[in-house]
Structure formats: structure tokens, C-alpha cells
Amino acid sequence: MLKYLMNRLFWMVPLLVGISLISFLIMHLAPGDITSTEASFNPKTSEESRQKMRELYNLDKPVILQYGLWLKRMSTLDFGHSFASHQSPVFWQETDKDGNVTKGMIQEALPVTLLINVLSLTLIIAIALPLGVVSALTQNRLPDRSITIFVFIGFAIPSFWLALMLMYWTGVSHTWLPISGLHSLGAEKLSHVDQLVDSLKHLALPILISGLTGLAGISLFVRNGMLDVLHQDYITTARAKGLPEHTVVYKHALRNALLPLITIFGLSIPGLIGGSVIAESIFAIPGMGKLFYDAVLMRDFPVIMGILTIGSALTLIGNLLADLAYAWADPRVRKGVSQ
Amino acid sequence: MQQKPNRLRLALNALLSTLLVITLAGCEQQKPQAALDLNRAYPSESGGTLVDAMSGEPSNLIAMMAGESSSSAIAGNIFNSLLKYDKNLELTGELAQSWEVSADQKTITFNLKPNLKWADDQPLTSDDVLFTWKTVTDDNTHTPYGADYKLVKKAEAPNPSTFIVTYAQPYAPALDSWSGLHILPKHLLAGQDINNTPFSRHPVGSHYYQFDTWKKGESISLKRNPNATQGQAKIDHLVSRIIPDRAAQFLELMADNIDSMSLNSIQYARIFPARPDLTAKIAQYKELGNSYTYLGFNLKRKPFDDVRVRQAINYAIDKQEIIDGVLLGLGLPVASPYKPGTRWSNPKLQPYPYDPQKAIALLKAAGYEDHDHDGILDHDGKPLSFEILTNQNKEREMSAVLVQRRLKEIGIDVKIRVVEWATFISRFIKTGDFNVVLLGWGLGLEPDQFNIWHSSQQAPGQFNFIGYHNAKVDKLLEAGRMELNPDKRMKIYHEFAEILLADSPVVYLYAGYGLPAMHKRVKGIDDPAPPAGIGHNAYEWYIPAPLRRNEMSAE
Amino acid sequence: MRAIFKNPLALAGLIIIGVITFMALFAPFIAPFDPDAINVKSILLAPSTEHWMGTDGLGRDVYSRMLFGARISLLVGVVAVGIATLIGIFLGAIAGFYRGWVDTIIMRLVDVMLSIPTFFLILAVIAFLTPSIWNIMIVIGLTSWMGVTRLVRAEFLSLRNREFVLASQTLGAKDGRLIFRQLLPNSLTPIIVSSVLGIASAVLVESGLSFLGLGVQAPQASWGNILTDGKEYIEFAWWLSLFPGLAILITVMGYNLLGEGLRDALDPRTSNNK
């Protein structure tokens, strides 16, 4: 086990360097840089000031040299500052000599995205698991068919279309939920409980929209997994032994069907920190998706690289944890590995 | 038959109950739809909050450092300049109560108003103005706007209420440049690195409003400044919510969560008139903007170096159709690169009428005919076909489609390519690798257009990217920069526009209207809007107490 | 094959796709109007007997644009998936057949590509290249081959030790023959299923890119950009949102139903044990 762990950890470093190199090169494929924004196309501005900025950010140097400089900084975990908003650190906050704290861009955007994604994942598990089980147990009969149709619809709806329609229905036709944003105006004056309810109301639609595709995918996956397992010999044996049905379903079938789910979760980790650009843009949520999108359009290289690097690192760690969890959970793998 | 697992039922019940509770809790907080009488007259009073929406978030609240419009929109409520434009677009004093230009036209003396204060009670003097000038001209300051101010040879503040600048040459755009420089407080910024100062996230200014809070990614709030140098504003709080998506903004406007938004033509001309429930609570305004949209030719490439081809294309495009189709009539045709109705716009000039026959005749004279009868004009065996490049802007895309159709009718084959902005600038504009572009210029009120039309401004990165070169225009532009007498300047720029129209290096398409929509609770707005737009007297707007939105409060 | 027709969901999927493909192929003949015909006098008209699905912001007939938009959606889906599948088969086959360091490198490459959130990658690349329909197809293709690679590799790994393969090898069959004649045909099922599902996903991605302004550009009609053009008038000009939204929904559902149906029908495990 330890050897496996060391092997994986060892591979992570070259992988990360590889990912960062590919990302850096793709980024520089793009024509333009931070000085090509719409705001800088103003006849009152001068080309020299843009040239000065390019020199300041080393944008006039060869790409490989720029990558080297970035890599050198990264070795001390210094993600640098945004090109667009010079003082904002890309990752974590900084305190200047007077004690003023400037928060990092990723530091501010990540919690929001993480919250939405985690809640969304919870919702998915809470709904998709029962749906998948019911579907498998009533295979090809009405409940299965209708759940399947419902799941497919959820999978196929263009998310921004659904988002706008729901925003209209719940926010304009009726005033059940707020339309966009994270907090109501003046929310800080409310009691803690009321503030919590206010936040939840703002997050309800984004969570629903983010989770819809995952919901469909996971219910289908659980259904198919359960079906696979239910047809195995040991299930027939268990039934022949006279075990009550719910023991057969939950203790034996479900547990085994869920094992591959762990791998799925590992694979959905990049999605966890990569907030949906579309949902965040529509709902005015300042998360990682919006941060990345704006950075791409403005060619804000440090922010782009920061997000891609952190994202990849978290993904690799997530995959490793998922694999470890699987290995621990599946007694066959666990026993086999330690031999 | 399998039994439905009980645990499943429990889980689903729990979920549904939670949703129900949240929904009910929401229903309770519905705003009372009491009949608000929005149409009667209310006396002016102080108080209330105005909520509007911004698509982008400022990076920095010091306008000279940041480039985006969202930055200057907020900073414009916090800071003062020496001069400003009044409702008729004439220069008048803001921090300065008067100014004199010396006989040799090289020195301007500004006399500041007495007893000016910053929001933090410190006195505002010419020292602050001098400090600001030093900062914007400092080579270490990362600002793109320093060029105008670096032309000042000498700047002095001999006493707290006088500020004197001396230029090497008479510089006509100078006064306008002093209407655009936000004066910064020396006592808070001296010794700080302007590029990295926390002041940019909580600034202190001297105008009607002062900074209150900034919730990153959500909103920026300003509150009334009791020390405001220009008097007291009526509305207590200004909140700008950051809502990137315009569809979401419109939904918020309909749900009465924001008070103002700028509409597009279809919302203004088709949706509102069809929705009495919207027009009952929201008022629509119309103000001519400071920008014009144009079709620009790459004058260094054939066939655009031939004036007959350019004029022909000008005749072939039906500009009124574009205004009617793209703007639903909410725009004006232009014949000079200036805002219609201002003194710089030459009233004698008329845009090229829609005359396809004349276009065909001109092209024939230039050697373009349909020799091979394929429907496309050709010359020397080469068809007259090119690509129109534009950026991702709905109006421009739609205009391009209309232009394409009209040109096709006279036998010119046009393709349209929509390109993302940064790529557009660096791959096509800077390199000069384009044939025709469809873009716009958002100009200020200063008539000098040296940077756009003078032949010396054609280097990559500069603004004469179409490659225009006319010796007479060059001289006029140079003279216009040095002539401070407004009437003489006017003649110079009228002549400039006349030559430009004859040369037709660009086809002027239209100048569009801005279409702000304001909730009727906001009173005191001038309608119809004066030349400066409805915002010129924003400090006089008020929200009567019975109409204010319910503020959140602790129960 | 007959199993497909027994599965009602797969059948439904097949019918849906059939209808849409037909409409897309014959669009120039079916469309009542020229999809690019602008008419500034008929801007934003509601559906009527003349314009079945109303008109858009430039007076163009929405129904005709929807028909031509079907072509775009189909084209994007098929070409993007085609590219992804070709790459996936190639890499997966090599990895599964030769194993060893070739396999390690390819799988690490897959890991790298999976680590970068796909939509981010597509977004970044499209923003940099000009968003033409070809670039979109290529980019979606270049970022979705990982799944196919893994599938093909897994199939090859499990198949290569079967008797019929070993028999061919002893008879002296060359590698290429083995791959193309023996292994690939037996791996077709997961490839087909994955391709069909991939088309569904490509259609959704195109509509998402259109929302961000990076999809198929004007004046070409695509369902994504008709939807996006109408989003600011969602309750006033409901026809600009309803029809493309439904079209995307139904098409994607159709492909998903067919894909899942095929998986159910062709997968020997589930079909044997019913």
C-alpha cells in the first residue's frame, strides 16, 4: 500500500509540471495580452504606456523564458498578482506594512463555488441514490420508465434556458425566490438564522441548475450498477438462504454497486472547483467559473495559470484519495494489495 | 412484486418538506403589492436608496489607474475634477470657480472655490491638484492616460486656491483634459505606491457621495457625503449591483429589485409599449450617446485605396434601414465624426443617400463590372469580395448582416467574421491584416481627433489603423490642437469633417441613443433629456418617502 | 439488432433522431423562407400561420432558421464525436495492444487531459481561436477523446488474451491484422454507445458556448444562438426561447435514449440475465 502511495505521489510532480506547461503554451497560443482589452482601445491612451506594461509583465520575452520565470515563482508557491488588477494576489491574501489585507482572488472565489458544488453533490446523492435504486428494483416497469424519462429530460435541458425560465417563474411571476446574486441588500442587518435562510434562497436555483446533469448521470449509474449486481450469483444465493429482501438489497447489493461510485466522485472533483461559467454568469455569482472566464477574455495570465494549476493539483489529489478509498472499501483489492 | 423501500419514502418526504418550508418562508416575505401612486407629484426630500446594475466589476476605484467604464461610473460619484460639462455640454467649473487663459494661450490659471473639503473633513487645496498632476505624469504610475498631462511644462500651486499650468505650445484639448482628471487627496496618498495602495479599494473623495462598502463580486455601495463640494445630493444611498447577464438584469428590473438599467432597442420600442404593467412603474428615457458606429476600410489595400470604390460602398448602404432594423429607429444618421447637435458637428453636411445606381456607376468607372456574369463584380479577373470583421456585439453583428445584404444586391460578395475582442485587436488591427471592419468610436466632448486621423499615428498599436493620409487634414488637425478660440476651432473641424466626408475613408453608419429606464419612484429627472443626458442633475433626483423600497431591518 | 426494437426507449430515441436528421438533411427543400432573409418590417412577430415559429430580431423566419440550425447541431455533433472517436480508437488500441511504456505514457496523457476541467479548456481555446464552426468541432473533439480511449483500451486488454486472438497469433497474423480484423470489431459496442452519447453532449456544449458568445457566429443559424439572441426577451418573445430550447432538449434526449438503449440491448451481461 505504501509503495503504491509513494508511486502515485511521485508521479504527481511531473504530471503537474506537464499540465502547467501545456496550459502555459495553450495560453500563449492566443493572440493578444492584458493590453488588448476593450478598455485600452481608447484614443486617449498611448501605445507607450501599453508597451511599458508589457515590459513590466515580461510579456515581450520569449514564451519559454516566461514559463521559466513562472515556474521559479511557483516553486515558492508564489502565484503572483493579477495583471488586470495589479494589487490583487492571485491565490492567497497579503498584508502590507500598514496591516492592510488584500484578499486573494482565488481565495475569495473558491469558497462560493465549493459551497454550491458540495451542496449540489449532496442534493444529487440524496435524490439520485433513491431514484437509481427504485429504478433498478422496478426494472422496465412504470416507475423505472418514468424515472428514466425524467432523468433524461434533466440531462438534456440546456442549463441556461432552464435557469432563465426558473428565474422568471420564481422571481418575477411569483416572488418566491430572489433572481440573482448571493445576498439580499441589507442582509447583514438580519439575524443569523434569517441570514442563513436568505443565503439558501439565493443558492437554491444555482444548486439545482448545477446539479441537474449530475443527477441524471448518477441515477442512471446507480441503476445500471444495481442491475449488474442484482444478477450476480451471490445475490441469488442470499435470497435462497432466505434473507429478508431489504437485507439483500441494502446490505449486499447496494454496497457492492456503490463501489464504482467512489471512482465517479473522484472523477468529478475537477468539476467541484470548476464552477459553471454559465450558471455563475446568469446568477451573478462571483465564483471560480466567472473568475476564469473573465481572466481568459482579458488574457490575465497569472490568474489563468493559478486556477488551472490549483484545479489540476486538487484533481490529482482527489483521484488519489478516490483510488485509496476504493482500495480500502473493496476487500478484494485491499487483501490483494497487502499480499 | 418488490416493495418500495421505506427508507426511500422517508428520504423523499424529508426533501419535499424542506422545499415546502423554504417556499412558504419565501411567500411570507412577499412585498405588499399595495397600490403605490407613482404618478402624482411629490415634494423633493432627502433619503432613500437608488439601486442600479453593472455588468462588470471595477478593478480599481482610482479612475486614472483603471480602464473600465464600471470604474469611472463609480469613481465619477466620488471624485471631483477641476472642470465639468454642464447640461448643454459647455465647460464650467467644478472645483474651480473660474479660470483664465493667458494672452499667449500657453498658461491656464485655475481659481479654486473657497472652503473645499474632503469627505474626511480635511481641506481640499491646490496642493491636492498639484499632487494629482504629479502622480498621473509620474513614469512609475501604471496609467494609460498620462499623455495629455505630460504636455504641461510647468505646474504650480502658489497659494491654496490657485493652480497654474503652463504648456510648451498652446494646447486646445487642455481644458477638456482637466475635466477628466479626478483630483486625489494628497494627505492620504503621499508616500504611498499609487499602483498598490489600499486606497483604490476604499477611496476618499470630495463629490456628492462617499465610499461605503464593497462586497466583492456582489455590489458597491456609496452614501451621501456631508462635505460634498458641489452641494448636497438628495438620495442617501447608491448601490450598484454586479449582474453580468443582461437577461438577468431585465428580470431584476421587472421584479423591482433594481431601479435602473439601460435598455436595448427592442426592450425600449417593443416590449415596454406592449406591457402596461411595466410602463406603469418604470419610465423610459432617451439620450443621444457620444459614440458612432462605422464601417472602416483598410486604405492600404486594394480596392479600398480607390476613393470611387469607397464612395460606391457608401452609396450602396441604406443607413436608415440599419437604424430602423438594428436600433428600431432609435438612432441618428451622421455625416461627421461628432455627436449630432454639438457645435463641432457640421450642420451643412449630409450623409451619402442610399443610391445603388450611383454606386454601380462609380464602381464601373473604377473598372468593376460583372464581366463573367456570375452576379459578382470583377476587375482584372478578380471578384470584388472581402470580409467584414467585427467584434462580439449584437448591434454590430446585425448591422454587418444588413450591410452584407445591400452590398450583395449590387454585386459585392461580403463575408462576415465575428472575432473576440483581444484577438481582434492583436491579430487583425495591430497587424493591419484586415480589409473592412465594423466598429465604433466612443468619443469625449473634445473635438480633437489627431490620434485617429493624423498620418503620423499609423504605427502598430496606434489609432489610425485604417491608414488614412491626407495632407490637408493633417494641417487642420494640427491647427485645431493649437486654436483655443471656440469659434475658430469650430471652423477648422467643420472643414475637417467636410474633407473626411468627401474622402469617405469610413462609412458612418449611425449614432445610437442611450435608453436608460428608471423606476418611477425616482423623481426629478429631466425629460426630454438635455444634450448632457439625464444624469446631469442626478444629485437633484429624489425618492419620496412613501415610494421607497422596503429596507431590510433586524426583527 | 432486433433487441433495439424491443426496447421502447431506444426505439423512441431512434425515431426522434431519424426525424431530426431528415429535417436537417432536407432543410433547403422544406424551409418556407430563406433563413437569412432579413425583413425589418416583421421584427419579433409571434407565431402565426405565415411564420410558424415567429420571427427574430431581424425579421427572419425562426422555423427556417431552426431547420438550418438542425444541420449545424448535427454537423457539430457528428464531426466532433468523429474526431474524438478516431483519436480515442487510435490511442486506446495502441495502449491496449502494446501495453508497456506506450500504455503508461498514453494513460498519463489521459490523466493530464482529465485533470483540466473540460469546459474550461474548450472555453480557453475557443476564445483564443476565432469561434468558427470548424474550430468548435475540432476543439470539442480534441477534448473528449479520453473516455473512448479508456474504453477501447479496456476492451483490448480483456480481449487480447482470448483464444481466438491467440489462435490468430500462432497462425502468424501481423499486428495490424489482429487489431483491425479481430480486436476492433469486437470492441465496437462501447465505442458506438459512447459515440452516440458523445453527440448529445456536443450539442449541449455548442449551445453553452453560444450563450457565452463563443459558439457558431452570426449570421449562421444554430439553435444555441437563436436561444441566446432571444434570452433578453424571454417572456415577451417566448418563441425565441421555447422552440430552440425544446429542440435541443428533444435531440439530446433522443441521442441519450438511443445510446442507453443500445447499451442495454447490446451488452451481453444484462441481456443474458433477464
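1. In strand β22 of chain B, Met518(B) is the bridge partner of Ser260(B). Strand β11 (residues 260–262) of chain B and β22(B) pair in the antiparallel sense over 3 bridges. β22(B) is also joined to strand β12 (residues 282–284) of chain B by 3 bridges, again antiparallel, and here Ala517(B) is the partner of Gln284(B). Two strands pair if DSSP finds at least two bridges between them; helices (H or I, at least four residues) and strands (E, at least two) are DSSP runs, numbered from the N terminus.

2. The model is predicted: local features need pLDDT of at least 70 and side-chain atom pairs count only at pLDDT 80 or more, while totals for chains, interfaces and linings use all residues. Residues are numbered from 1 along each chain as its sequence is written, with chains lettered from A and ligands numbered from 1 in the order in which they are written.

3. Strand β22 (residues 516–519) of chain B is covered on both faces: Pro516(B) and Met518(B) on one side, and Ala517(B) and His519(B) on the other, are all buried. A residue is buried if 20 or more other C-beta atoms lie within 10 Å of its own, exposed if 12 or fewer, and partly exposed in between, with C-beta atoms placed from the backbone. In a regular strand the side chains alternate between the two faces of the sheet.

4. Chain B as a whole has 17 helices and 22 strands. Its C-alpha trace spans about 90 × 80 × 50 Å along the principal axes, and 44% of the 555 residues in chain B are buried. Of the contacts in chain B between residues at least 6 apart in sequence, 67% join residues at least 24 apart; two residues are in contact if their C-beta atoms, placed from the backbone, lie within 7 Å.

5. Between chains A and B, 63 residues of chain A are in contact with 61 residues of chain B. On the chain A side, α4(A) gives the largest share, 7 residues. The side of chain A that touches chain B divides into 32 nonpolar, 23 polar and 8 charged residues. Here Ala, Val, Leu, Ile, Met, Phe, Trp, Tyr, Cys and Pro count as nonpolar, Asp, Glu, Lys and Arg as charged, and the others, Gly among them, as polar.

6. The contact of chain B with chain C takes 24 residues from chain B and 17 residues from chain C. Elements of chain B that each supply at least two residues to it include α13 (394–409) and β19 (413–419). The chain B side comprises 11 nonpolar, 5 polar and 8 charged residues.

7. The largest nonpolar core has 302 residues, of which Leu164(A), Met226(A), Phe292(A), Ile304(A), Met66(C) and Ile126(C) touch the most other members. α7(A) gives the most to this core, with 15 residues. Such a core is a set of buried Ala, Val, Leu, Ile, Met, Phe, Trp, Tyr and Cys residues joined through C-beta atoms within 7 Å. Leaving aside residues up to four places away in sequence, Met226(A) touches Gly132(A), Val133(A), Ala136(A), Ala253(A), Leu254(A) and Ala257(A).

8. Just after α9(C), Gly172(C) takes a positive phi of about 95°.
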